[in-house]
Amino acid sequence: MKLPAALPVLRGAAPPADTAGALLSVQQLSVAYGQSEVLHGVSVRVEPGQVVCVMGRNGAGKTTLLKGIIGILRARSGRVLFDGRDLTAEPAYSRAHAGIGYVPQGRGIFPQLSVLENLLIGLEPVGGRDDGQLEEVFTLFPVLKQMARRTAGVLSGGQQQQLAIGRALMGRPRLLLLDEPTEGIQPSIVEQIEGVIASLKGRLAVLLVEQFLDFALANAEYCYVLESGSVTMEGPPAVLDAQRLREALAI
Ligand SMILES: Nc1ncnc2c1ncn2[C@@H]1O[C@H](COP(=O)(O)OP(=O)(O)OP(=O)(O)O)[C@@H](O)[C@H]1O
């Protein structure tokens with residue numbers, strides 16, 4: 001993808017004060033591992049149906065941000081609001097029940113269980129009810145239907161990624177957190193995952209962590225760049241300074 005010509009960097013742009021209309025509003029979130037704070041006052045906003053990308057080099061704090069949003073890691077300070085509801089003190093399962101789906105880096109599938117069993121586990125946030133999600137997931141990822149009875153551990157990396165996304169979709173999330181879905185995946189599957197994200201656009205909001213710049217810029221409507229645990233750039237892909245972006249991502 002051709003990057004746009006250099007335009008102003010929106011460094012240190014003030015976080016949106018109002019949360020009206022936002023599906024997700026992360027406000028000045030700080031997260032620490034023990035005494036070591038790695039996320040410093042990060043503010044991120046996702047509108048309903050919007051695809052938003054978080055970029056940054058290794059160790060910038062992208063995964064920590066997603067874990068702070070889903071509640072695997074607790075906030076040291078700041079707030080996580082979802083659909084106007086303050087989830088900051090809520091455990092991860094409450095956030096999943098509220099409508100946040102999470103596809104962790106490395107996929108987090110259960111290798112000993114079958115593909116179908118993995119998918120059915122994804123129904124937990126909706127009380128085990130399948131109102132057609134399984135067929136929808138099979139339509140999005142036909143290979144999962146073909147391999148439904150197979151042990152998930154035998155799937156290729158790309159198939160496991162599809163399974164992880166499919167499992168998250170079984171819970172009918174309104175926001176999907178995707179941590180590096182293209183990592184270690186062959187180009188044809190990257191295209192397929194890109195197609196799925198495109199097909200989800202408008203129906204479901206996606207907060208995508210991605211190091212693959214072209215993938216991020218092609219798919220996101222708004223981007224944040226994290227450096228050392230802080231947002232240093234943000235804006236729609238067309239207004240991000242291409243040179244500065246490459247420097248921030250060390251490309
Ligand atoms: N369990 C942990 N205990 C202590 N420090 C951690 C832990 N997990 C991550 N960190 C540190 O927190 C910082 C941010 O890590 P994080 O995994 O969020 O970065 P990232 O941007 O997702 O990187 P990557 O692209 O490599 O996944 C890094 O300095 C990392 O070493």
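Residue numbers start from 1 along each chain, following the sequence as written. In this prediction, local features need pLDDT of at least 70 and side-chain atom pairs count only at pLDDT 80 or more, while totals for chains, interfaces and linings use all residues.

**View 1. Where domain 1 meets domain 2.** Domain 1 covers 20–99 + 176–189 + 202–251, and domain 2 covers 106–173; the bounds come from an automatic or database domain assignment. Their C-alpha centres lie 24 Å apart. Here 10 residues of domain 1 are in contact with 8 residues of domain 2 (C-beta atoms, placed from the backbone, within 7 Å). On the domain 1 side, 6 are nonpolar, 4 polar and none charged (Ala, Val, Leu, Ile, Met, Phe, Trp, Tyr, Cys and Pro count as nonpolar, Asp, Glu, Lys and Arg as charged, and the others, Gly among them, as polar).

**View 2. Helix H1, residues 62–70.** Helices are DSSP runs of H or I with at least four residues, strands are E runs of at least two, and both are numbered from the N terminus. Because 8 of its 9 residues are buried, H1 is largely enclosed by the rest of the structure (buried: 20 or more other C-beta atoms within 10 Å of the residue's own, all placed from the backbone). Among the buried residues are Lys62, Leu65 and Ile70. Just after H1, look for glycine 71, with a positive phi of about 100 degrees.

**View 3. The shell around the ligand.** Residues here include Tyr33, Asn58, Lys62 and Gln105 (C-beta atom, placed from the backbone, within 6 Å). H1 gives the largest share, 3 residues, and strand S2 (36–46) supplies at least two. By class, the shell has 3 nonpolar, 8 polar and 1 charged.

Notes: Two residues are in contact if their C-beta atoms, placed from the backbone, lie within 7 Å. A residue is buried if 20 or more other C-beta atoms lie within 10 Å of its own, exposed if 12 or fewer, and partly exposed in between; C-beta atoms are placed from the backbone.
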